[in-house]
Amino acid sequence: MTDEHTAPGSHASKTPVVTMVAPVVAFGATFVARKVLASAYESITGGEAPSNTDRSVSLGKVIAWAAISGATAAVIEAVAYRAVARYF
């Protein structure tokens, strides 16, 4: 497919600024979100968020925490990339 057939907002229409800025914004937003999630977990449960290296934490808790934090990170990354693409 040639460029004249490419829809606006597709990968072919990305500016170099988007490809440079979006990952940085996504990383920063994800970092902050993980800290907020860990803080919320600690305030709700009274303990630290589960770590996959801590063998005293049940596998179920580790998997649940990984699913929640991973899904949150994926959503934030998608939103960040789209927000940066809209701006630039």
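Q: At its relative accessibility, does Phe 31 count as buried, partly exposed or exposed?
A: This is a predicted model, in which local features need pLDDT of at least 70 and side-chain atom pairs count only at pLDDT 80 or more, while totals for chains, interfaces and linings use all residues. Residues are numbered from 1 along each chain as its sequence is written, and side-chain values use heavy atoms, without hydrogens and water. Buried means under 20% relative accessible area and exposed over 50%, with partly exposed in between (1.4 Å probe, protein chains only). Phe 31 has 48% relative accessibility, so the residue counts as partly exposed.

Q: Which helix holds Phe 31?
A: Helices (H or I, at least four residues) and strands (E, at least two) are DSSP runs, numbered from the N terminus. The protein has two helices and zero strands. Phe 31 lies within residues 16–45, which form helix H1.

Q: Which residues make the nonpolar surface patch of about 440 Å²?
A: Patch members have over 30% relative accessible area and no salt bridge; like charges are joined within 9 Å, and nonpolar side chains (Val, Leu, Ile, Met, Phe, Trp, Tyr) within 5 Å. A salt bridge is a side-chain nitrogen of Lys or Arg within 4 Å of a carboxyl oxygen of Asp or Glu. The patch of about 440 Å² is made by Phe 27, Phe 31, Val 32 and Val 36.

Q: Which backbone oxygen lies 2.7 Å from a polar atom of the side chain of Thr 30?
A: Thr 30 is found in helix H1 and counts as buried because its relative accessibility is 14%. A polar contact is a pair of N or O atoms within 3.5 Å; within protein, one must be able to donate a hydrogen and the other to accept it, and residues adjacent in sequence count only if both atoms are side-chain atoms. For the side chain of Thr 30, the backbone oxygen at 2.7 Å is that of Ala 26.

Q: Leaving aside neighbours within four places in sequence, which residues is Thr 30 in contact with?
A: Contact means heavy atoms within 4.5 Å. With neighbours within four places set aside, Thr 30 is in contact with Ala 73 and Ile 76.

Q: Is Ser 69 buried or exposed?
A: Ser 69 sits in helix H2 (residues 59–87), where its side chain reaches the backbone oxygen of Ala 66 at 3.5 Å. Not counting residues up to four places away in sequence, Ser 69 touches Arg 34 and Leu 37. Its relative accessible area is 7%, so Ser 69 is buried.

Q: What distance separates the C-alpha atoms of Pro 23 and Tyr 81?
A: Pro 23 is found in helix H1; leaving aside neighbours within four places, this residue is in contact with Val 18 and Tyr 81. Pro 23 and Tyr 81 are 58 residues apart along the chain, and their C-alpha atoms are separated by 7.3 Å.

Conventions:
Accessible areas come from the Shrake-Rupley method with a 1.4 Å probe; for residues, only the protein chains shown count as cover.
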